[in-house]
Every structure is written in structure tokens, then in C-alpha cells.
Amino acid sequence: METFKINEKNHMIKYDMKMNKGGLRLLKKVLCMCMVLVLILGTLSGCGSKVENPGNERANNEKENTQKAEIVKDEIKVALESDIVSLDPQGHNDTASEKVSFLLFNRLFKLNTEFEAVPDLVEEWSQPSDKEWLLKIKEGVKFHDGTEITSEDVKFSMERSKESPTVQHVLAEVEKVEIVDKYTVKVTTKVVFAPFLYTLAHAGVSIVPKHYVESDDNWKMPVGSGQYKFVEWVSGDKVVLGKYDEYYDEADRGMAKKITFKVIPEGTSRTIALETGEVDIIASLESMDSAKVEENPELSLYEKPSTSIAYVGMNVEKAPFDNVLVRRAMNYAIDKEAILEISLNGAGTVAKSVTSTAIMGQKDGDYIYDPEKAKELLKEAGYDGNLTIDLWASGDLRKRTAEVVQANLMEVGVTANIEMFEWGAYLEATNSGKQSMFVLGWTSNPDPDATLTPQFSKGSIRAQNRTRYVSEKVEQLLADGRVELDLAKRKAIYNELHATVMEDAPWVPLYVSNKLVGANSQLKGVELNPQGLANLHKLHY
Amino acid sequence: MIRYVIKRLLMLIPVVVGVTFLVFFIISLTPGDVAAMIIGEGATQESIQQLRTDMGLDDPIIVQYGRYMGNLVTGDMGNSYATGKAVSAEIGSRFPNTFKLTVLSILISIGISIPIGVVSATKQYSIFDNLGMVLALIGISMPSFWLGLILIIIFALGLGWFPSGGADSFKSVILPAITLGVASTASITRTTRSSMLEVVRQDYIRTAKAKGVSNRVVIRKHALKNALIPAITVIGLEFGVLLGGAILTETVFSWPGIGRLMVESIQRKDAPMVLGCIIIFSVCFSIVNLVIDILYAYIDPRIKANYE
């Protein structure tokens, strides 16, 4: 017994001594190990970049070989930033779903890369009166299941579009659709409506087969008439389409046998997938990755000004922005170049009016960055370095924008207090009437009316008109623009509208972002329109 | 034992009722109009109002909740506001992916953490112990988003061993599973280590050693089995954390799982989908905990005796 105790004591003593020395030793060891780890991590990452090069060279050689042997890659993989919402073209209103819809379905008109509405299914059209449109579709165009497209399907699709909660706004001006003969429909609009042909190019007015929609399939295996047929949709992962060999327009058939849309929500992961060759093209490249793509000899960067404009809005009902001098001062005080650089790494153009230049009738305003002029205007309005305002924003990009605005305003003696909101709350708050100055954006549909009416008409206060700007002159110009069927006259009307709005200055337009697409440099047929990647059926190696 | 299991399964009912009740009301409190979000920009006030009426959004919340629960009893989780697809079908297609990822990552983390924990404890204050604990510390403090990207850069971009994302083959699950497993590895290692340390000082271990049993057998048969109970508790909790915490990992690796589905649905204010995901999470979490409780019984006869 005795010996046992002693043994245990000895043991304990040893243990304690170990502990005491151990404290110091432990610290040293931990330090050493941290350094070793840093070294290991360092070499690992070094390895990464070193290994990358031979890998790429190998890929390069392989590609060169394949080029020599002229092997055609049959499948094009396109990276999308989000999953599609629906296969039903009248059940979604987002750009990812549109890309798939445009391949699966035809519309009566489509947009070309210059953003003009050109005929798709329509053979010829005429206007018996200002409110009536006769549309004759091409004969012999077949859906993927072999049935012919007739005026029945056109009438059905347009009426269905008007009923759908997601896209009902597109054909809101259409009063009725009547069948004239097997291939002709007559559409009557509620008012004289100049943007009509543009509305027909919207994905929500895709022509869907009546017999399919009325079947029990419920969009599991959609039938369209486009260059590609539906194969598979794995929710959250991918959408697979296969080439439709009997597409009606032989000159415009799909090039690749298969197009697979891969959903890659994270921007950096998308770029890496392009670098590793897992995808052939990225539909929306992050602006911070554009340099990386440009420098890589295996990849190509494509850029095109979009229709998305960023702006600083001012509530014209609320002091100090009820004073037009203050609003004009803001237009002189804010350095748009700096904001473009900080927000988008320069991937865009400075906005000089309230829409992108891609939209018909856009006309540049006169404002330039001139803090002195801004100070003068503020002084004239009765504010001399003693103005404090609220500046609202939501999300990281708009926060950065707001910070530049804040710094700019500081220079002209205006203190801006930035307040951040969650997106849903922001949309509600900027409509509450309490908004003062806020950073926001707008993506235009092709027709100018679809942007200018919601933004600057009296009727959309508490909806999209967040600046609450009302002007009788603008109301009149909006009304005139909607009904003017002569293109040159219509353009002149919108020119005047832009000039008026810029003079009244409810907005400080900031920049129009570029649509960025990154692709394998061997990929051919890459086309962009102001809405981004377009005509995907032309993609091929 | 079976009675106990049935009792525990019945306990799921109040859990689901409580969780759905909370979530339903929290979602209804968040700002933003669902109808306006569905229709999107360019909608008229009348059409928004029409949709609100059609969707029953004008009814009092309690009525909407009652309606939802009524349908839930018949197994109908409703249709997604955003896509119009049946919530149960959507979850059905996504859940197996999350489950696969979670199970693999918990296996990876058990495979790493239990041996490290045991070695750390048996060779306390040795270089192994210190190294193990430093690794555990790094693991627990490394953001999964960052680790995921680093793994992609090294193993997908640099070495080309694994795909950088997607769910096309078995290879695609490896990197996300490692990313996800690393954080839980840390806490399981630490728990295993501390409970092993406690057990190896017990009398029966000394007795076993005194009987001349080899060190390896003492550790494996006598010590580890007893030390595993706290470790298993942590594993159960970590499983739940992994199920829900996979969101970032799923995003980095474009993994079509339920975590991403839930976040996307929250952003779209897609209440039926959010509720569906949360119900699935809470049911899974409860079932995992039940399995853990049953595992206790197999590991520890004393606990088994309590059930009978």
C-alpha cells in the first residue's frame, strides 16, 4: 500500500514539474508550429501557382492539337449566376430564365444586338388603324413535337401572357386578340401604343403550344419551337438543352449539339470554372475578375454597355431637395468618374442622362464635375456650408457609391449621413415619402416608354417614381411619346423629355454598367446585346 | 426502447408546430410585399392587389397560418411563390444532395478528429498534442468561405484533381465535404481530447493497466468507449450545424443543396419554400438527436438500463 502511494506521489510530482516547464515550452512550440504552418501554407500556395502554369500550357497544347485536328466540341457549358425560375416563359421575369426561354421558344419579334425589334415568327405586319395591328406568322413553322404553329397558338399565348401574374404588365395595353385566318391575328390595343412591337420581343410573349399547355405535363418537358429542345433541369444545378435539327430557319439553326447551363452563384467560383475549362463561357463576369480574364491568353473578355443605370435619387417633395438649385448643385458636386472606378473598376460609362445611350431618344445633359459651381448654386439656394442630409443605400455596391458621394458632398460643405437598409426594407422605405437622398439603379426594357413612364410620371408615385418628381411638361411628353408611331418624331419627343428631366434634376445619373462576358478564346459566335449574352444558339467551337 | 422511440417521434409534432408558427410570423413581420416582388418592377397597383387577393395574403396572419397547417397535415407544403413548383418536390430533389454532403463531411471529420483527440489525450503536452490542438484552433477559426476558395484554387485550378463545383460526379463532393468537415473536426477533436483525459485518470483504467493489459487495448477498449459519450453528443450537434451551416459551402461550390435553396427563398420572400426547408431542418435535427440518444444506449449499458 505504502509503496503504491509513494509511487503515485512521485508520479504526481513529475507531472506537476512537467506542467510548470510545459507552460513555457508549450508557448515556444506553439510559436514554432505557427511559423511552420505559415511556411507550409506559403509553399502550398506557391505550388498552386507554379503547377497552374504547366497545367495551362498543357491545356494550351491540347487545344492547339484539337484545333489542328479540327475536333468539334459538341457541348457548350454556360455558367449562370442563378438558377432559372421557371421553364414556362410566362412564369418568370428574370434574365437567367430568359436565356433558356429564348433558346426553347420563338417570339413574334426579337431584338437584334443593336436593340432593334426585328421579325422572328412574323412574316409581315401592317396597321389597318392606329390601334390595330395585323400580324401574319410564317407558314410551316413546327413545334418540337411536330405540330405546326398557327394563329390559335399566337392568340392563346398572348392571352395567357396577359393573365400571368409575372408578365401581365408586358401586354397590359393590349385589348383583344382575334384570329383572322390560320396564320394571321389582329391585335387591338387600348390606346395608340408605339412600343407595341418591342413588347412582342419580351420572353413573356413567347409563343407556346396551346395543346401542350393544356395537357397535364405541367412544364416538366416543355415543348417549344426554338433552336434547342428541352432535355433536363436539375434544380439548383443545371439545365440541359439539345439541338433541334428541324428548326424552321435553316440559316439560323443552333451550332452546338448541346447547351448546358451550369448554376454557379459565387462570382469567383464562376471565373475559376472558366479557367479550369469546366465551363466555356460566363454569362455575367464579375468586374473585379475582368483583368484576370483579359490577361489569360486562353480566355477572352467581351464588353458592351448595358441598359442598367445607377443613380442618386432626391425626393423633390422634401427639403432641401424641393429646391431645384440644390438638386442641380448635387449634379455638379458628385464625381461620377470616381464612383465608376470604385464601384465597377471602370467597367462602364459615365451616365449623362436618365437612361443608357442604348435606349432610343437618350440625350446627354450638360452637367460636369464642378465643385465650385455646386458651391455657388448651394449659396444661391441659401445654404452656405451648413447643410446636413440623409443618404440611404442598400447592399455593398451602393454603400461604396454612397461613401464617394458623401466625400464629394463634404467638399461642397454638405454633410451626408449614410444609412443602410436590407433590400426589401429599402424598396419600401424609398417609397415611404420619408426618403431624402438615396442610391438606386434601374435596368431598362428596350422601349424608352417602359423606363420613363414608371420613373417620371405622376401615376407611379408610391411605385417606381421614388423621387416623386412631377412635371406637366414631362407628363405631356410621355403621353405624346407613347402614341407617336413616326420613329424620328418619337425620338425628338424623348430628346426633349431627357432635357427637361435633367434640367429639373430629380436624379444625379451616375453610370451605365457594362455587361461583361468571359469565354474560352476558341469559342466562336459570342454575341452581346445591351441585356448581356445573346443569341446563344450561335455558340460553337 | 421502442416505446421510447415512438414517444420521441411523437415529440416531433410540437416541434414542427412551434417552428412553423415562429417562422410564419417572423416572415410576415419582415418588410416588403410578396405580391409586388413576384410581379416585379413595372407592375400596376391593381395587379399587385389582385395577386394579393388571389394568394390569400389579405387574410389575417392567423388565418393564413391555419390554412397552411391544415394543408401540411395532408402532406401538402404548398407551392413556391417564386417558381410555382410544389415545395415538397423541390425539397425532395435538393435534400439528398445536402444529406450526402453532410454525411460525408461528418464522416471525414470523425475520421480525423477521434484519432487526433485520442492521441492528444494519451500523449498530453507532447508535440502531437500541441500540433493537434493548433490544427483544431486553425480549423475552428478558418471561415469556410475562404477555405473553400483556397481548396478550389489549389486542387481544382492548380492541380486539376477535382472539379471546382457542381454535383456531377462523386469527385465533386470531396472538396465541399472537406471544407464543411474542417470546422466540426475542431470541436469534436477538442471534446474527444478532454473527455479522454478525464477517463484515463479513472480507477478502472489503472486497474486494467495493473492487470497487465497492453496500453493499446486499455485505450481502445476501456477508455475510448467511455470517452465517446460526450464526443457523440457533439457529433450530433455538429450534424445539425452542418445541415444548416452548409449554405456558404454550397454557394462556393455551386452545390445544389437545401441550404442555398433556403437562402434564395428568403431573399425572394418565398414563404412556403422557407417554411418547407425549416421544417425539414428541424425534423432532421430531431431525428439525428434521437439516433444519438439511441447510440448512447448501445455504448453505455447504464443508459440502456434506464430505458427498460
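Reader: Which elements of chain B each supply at least two residues of the nonpolar patch?

Author: Helices α1 (2–10) and α2 (12–29) of chain B do. Helices here are DSSP runs (H or I, at least four residues), numbered from the N terminus. This is a predicted model: local features need pLDDT of at least 70, side-chain atom pairs count only at pLDDT 80 or more, and totals for chains, interfaces and linings use all residues. Residues are numbered from 1 along each chain as its sequence is written, and side-chain values use heavy atoms, without hydrogens and water.

Reader: How is a patch defined, and which residues form the nonpolar patch?

Author: Patch residues have over 30% relative accessible area and no salt bridge; like charges are joined within 9 Å, nonpolar side chains (Val, Leu, Ile, Met, Phe, Trp, Tyr) within 5 Å. A salt bridge is a side-chain nitrogen of Lys or Arg within 4 Å of a carboxyl oxygen of Asp or Glu. Here the members are Ile2(B), Ile6(B), Leu10(B), Ile13(B) and Val17(B). The largest share, 3 residues, comes from α1(B).

Reader: Is Ile6(B) exposed or partly exposed?

Author: Buried means under 20% relative accessible area, exposed over 50%, partly exposed in between. Ile6(B), in helix α1 of chain B, is partly exposed at 47%.

Reader: Which residues gather in the patch of positive charge?

Author: Lys and Arg count as positive. Arg216(B), Arg220(B), Lys221(B) and Lys225(B) gather on the surface. Lys221(B) sits in helix α11 (residues 215–252) of chain B. Lys221(B) is exposed, at 61% relative accessible area.

Definitions and conventions
Chains are lettered from A and ligands numbered from 1 in the order in which they are written. Accessible areas come from the Shrake-Rupley method with a 1.4 Å probe; for residues, only the protein chains shown count as cover. The place of a charge is taken as NZ of Lys, CZ of Arg, CG of Asp or CD of Glu. Buried means under 20% relative accessible area, exposed over 50%, partly exposed in between (1.4 Å probe, protein chains only).
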